Amino acid sequence: MVDVILGLQWGDEGKGKIVDYFAPNYDIIARFQGGPNAGHTLYVNGQKVVLHQIPSGIFHENKINLIGNGVVLDPITLKRECETVSSMGIDYRKNLYISERAHLILPTHRALDKASELAKGNEKIGSTLKGIGPAYMDKTGRNGLRVGDLLDKGFISQYIKIRLKHQRLLDNYHFQEDISSWEDDFFESIELLKGLKIVNGEYFINDKIQQGKRVLAEGAQGSMLDVDFGTFPFVTSSNTISAGVCTGLGIAPQKIKEVYGVSKAYCTRVGSGPFPTELSDETGELIRKIGSEFGATTGRPRRCGWIDLVALQFACMINGVTQIIMTKTDILDSLPELKVCNGYRVNGEEKNYVPFQINRLPIDPVYKSFKGWETDITAIEKYDELPVNMKSYIDYINQFLQVPVKFISNGPGRDQIVLA
Ligand code: GDP
Ligand code: IMO
Ligand code: MG
């Protein structure tokens with residue numbers, strides 16, 4: 001049996017915290033897509049940790065953490081992260097498994113990401129510069145190197161071949177930076193990776209499922225950044241939606257049961273691209289300040305805005321979301337008025353769907369206003385104790401989406417979560 005936790009917006013919905021909260025109910029926590037572009041924040045005994053490559057179940061004893069075949073893996077980030085969790089008393093050699101089919105992010109992928117973004121100028125994606133796009137391009141272009149290749153005697157010659165190909169591309173971009181120190185780090189880091197449990201992920205996970213073990217698939221990024229369904233081309237390069245669990249772990253669709261969709265009580269986006277409910281005023285600034293909305297991976301300020309139910313409904317549809325987890329509700333505690341977008345006005349006409357031309361058409365969001373709750377909710381543990389105005393806000397969202405909000409996160413801590 002497999003349950004999924006994934007983001008319904010443009011990433012950073014609080015997936016890391018939620019996976020950490022749910023992990024005790026599962027035997028295996030598995031990442032199925034993305035790579036070090038992810039930044040998942042958890043608080044372990046009051047200490048903040050940001051995970052980029054390792055699944056967010058790593059701090060729970062006796063849980064298997066699997067990096068699936070659909071992930072792109074940067075050995076340098078992985079090594080750094082292994083050192084971090086190790087310094088916190090976690091024996092990653094025991095609990096961390098890696099699919100031999102996961103593609104490697106090479107130093108030249110990072111260089112190509114940077115070169116490509118520079119070449120795009122004002123039209124840049126605003127990528128995390130972690131080499132994600134070029135690594136997935138080499139996967140679908142059938143050139144990439146995989147974790148399992150590291151164990152092969154011919155690895156170095158394969159590496160040299162692809163490096164030469166990348167160098168020609170970098171020359172085309174007139175990319176001059178010296179990447180030899182990245183390469184030194186890469187070759188040092190693969191030694192640690194080679195010593196980890198490299199497995200055939202699809203047999204491994206299906207055997208466990210057969211034995212009755214429970215799997216939690218941890219999404220990275222968000223549904224609106226999905227390469228097929230997001231705001232293309234301002235997206236990431238993987239399928240972030242629930243379908244990605246099947247291809248990213250080798251799991252059949254009928255094994256998936258619950259799909260938990262995580263959404264903030266408002267909305268953020270980092271990087272370029274359309275964001276209909278963005279607030280470029282002092283309210284947006286206030287949300288960014290109260291919510292500490294700065295990227296966990298790049299430190300960039302996140303763009304902030306009201307919750308967008310048109311986009312959320314779309315995300316619920318393409319993912320088959322069964323329950324919604326609403327995070328960062330406490331960030332709205334002091335606001336006297338809240339808005340919820342329940343339609344898009346395009347060329348004067350009201351639409352209730354995400355249009356293909358979202359990048360090109362000016363979208364004027366249609367809002368419904370709510371009175372804020374203006375109460376500190378961070379210590380509340382029971383649904384009944386939540387302010388009435390907050391319940392009205394959540395009830396409306398429930399009704400609109402026709403998917404229940406079952407969990408309400410009211411602070412970054414592991415235990416700050418209220419069951420509806
Ligand atoms: P992820 O990428 O989806 O895991 O999310 P990030 O870790 O990038 O960003 C979410 C941020 O919000 C982190 O700093 C979390 O610690 C924090 N967070 C998560 N849930 C809550 C919540 O309910 N309230 C508050 N105040 N912070 C939260
Ligand atoms: P988590 O898992 C928020 C965004 C980047 C950029 C676009 C493409 O922490 O929610 P990429 O480096 O993937 O080629 O960048 O996607 N992006 C994220 N935004 N959270 C993330 O991950 C993101 N991962 C990528 O900012 O706009
Ligand atoms: Mg994040």
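**Reading a metal site, helix packing and backbone exceptions**

Guide: Gly39 is buried, with a relative accessible area of 11%. Buried here means under 20% relative accessible area, exposed over 50%, and partly exposed in between, using a 1.4 Å probe and protein chains only. This is a predicted model, in which local features need pLDDT of at least 70 and side-chain atom pairs count only at pLDDT 80 or more, whereas totals for chains, interfaces and linings use all residues. Residues are numbered from 1 along each chain as its sequence is written, chains are lettered from A and ligands numbered from 1 in the order in which they are written, and side-chain values use heavy atoms, with hydrogens and water left out.

Visitor: Which are the protein donors of the magnesium ion (ligand 3)?

Guide: Donors are N, O and S atoms within 2.8 Å of the metal (3.2 Å for Na, K and Ca); water is not among the atoms, so sites may look incomplete. In this model, Asp12 contributes OD and Gly39 contributes O to the magnesium ion, at 2.1 to 2.2 Å. Asp12 belongs to the loop between strand E1 (2-7) and helix H1 (15-22), and Gly39 to the loop between strand E2 (28-31) and strand E3 (40-44), so the pair ties together parts that are 27 residues apart in sequence. Helices (H or I, at least four residues) and strands (E, at least two) are DSSP runs, numbered from the N terminus. Asp12, at 21% relative accessibility, is partly exposed.

Visitor: Is H1 mostly covered or mostly uncovered?

Guide: Seven of the eight residues of H1 are buried, and the helix is mostly covered. The buried residues are Lys15, Gly16, Lys17, Ile18, Val19, Asp20 and Phe22.

Visitor: At what angle do helix H2 and helix H7 pack?

Guide: Axes are lines fitted to C-alpha atoms, for helices over the stretch in contact, and angles run from 0 to 180 degrees between N-to-C directions. Helix H2 (residues 75-87) and helix H7 (residues 180-194) pack at about 60°, with their axes 8 Å apart. H2 and H7 are therefore oblique to each other; angles under 35 degrees count as roughly parallel, over 145 as roughly antiparallel, 65 to 115 as roughly perpendicular and the rest as oblique. The crossing of H2 and H7 is left-handed, a term used if the near helix is turned anticlockwise from the far one by less than a right angle, and right-handed if clockwise.

Visitor: Which residues in H2 meet H7?

Guide: Contact means heavy atoms within 4.5 Å. Pro75, Ile76, Leu78, Lys79 and Cys82 in H2 meet residues of H7, including Trp182, Phe186, Ile190 and Leu193. By class, this contact of H2 with H7 holds nine nonpolar, one polar and three charged residues. Ala, Val, Leu, Ile, Met, Phe, Trp, Tyr, Cys and Pro count as nonpolar, Asp, Glu, Lys and Arg as charged, and the others, Gly among them, as polar.

Visitor: How do the axes of helix H6 and H7 cross?

Guide: The axes of helix H6 (residues 155-172) and H7 come within 14 Å and cross at roughly 150°. H6 and H7 are therefore roughly antiparallel, and H6 passes H7 in a right-handed crossing. On the H6 side, Phe155, Ile156, Tyr159 and Arg163 meet Glu183, Phe186, Phe187 and Ile190 in H7. The contact of H6 with H7 comprises six nonpolar, no polar and two charged residues.

Visitor: At what angle do H4 and H6 pack?

Guide: H4 and H6 pack at about 15°, with axes 10 Å apart. H4 and H6 are therefore roughly parallel, and H4 passes H6 in a left-handed crossing. Pro107, Thr108, His109, Ala111, Leu112 and Ala115 of H4 make the contact with Tyr159, Arg163, His166, Leu169 and Leu170 of H6. Its classes are seven nonpolar, three polar and one charged.

Visitor: Where is Ala115 found?

Guide: Ala115 is in helix H4 (residues 107-120), and is buried, with a relative accessible area of 4%. Leaving aside neighbours within four places in sequence, Ala115 is in contact with Leu170, Tyr173 and Phe175. Ala115 and Gln176 are 61 residues apart in sequence and 9.4 Å apart in space, C-alpha to C-alpha.

Visitor: Is the peptide bond from Phe232 to Pro233 cis or trans?

Guide: The bond from Phe232 to Pro233 is cis, with omega near 5°. Pro233 is in the loop between strand E10 (215-218) and helix H9 (243-249).
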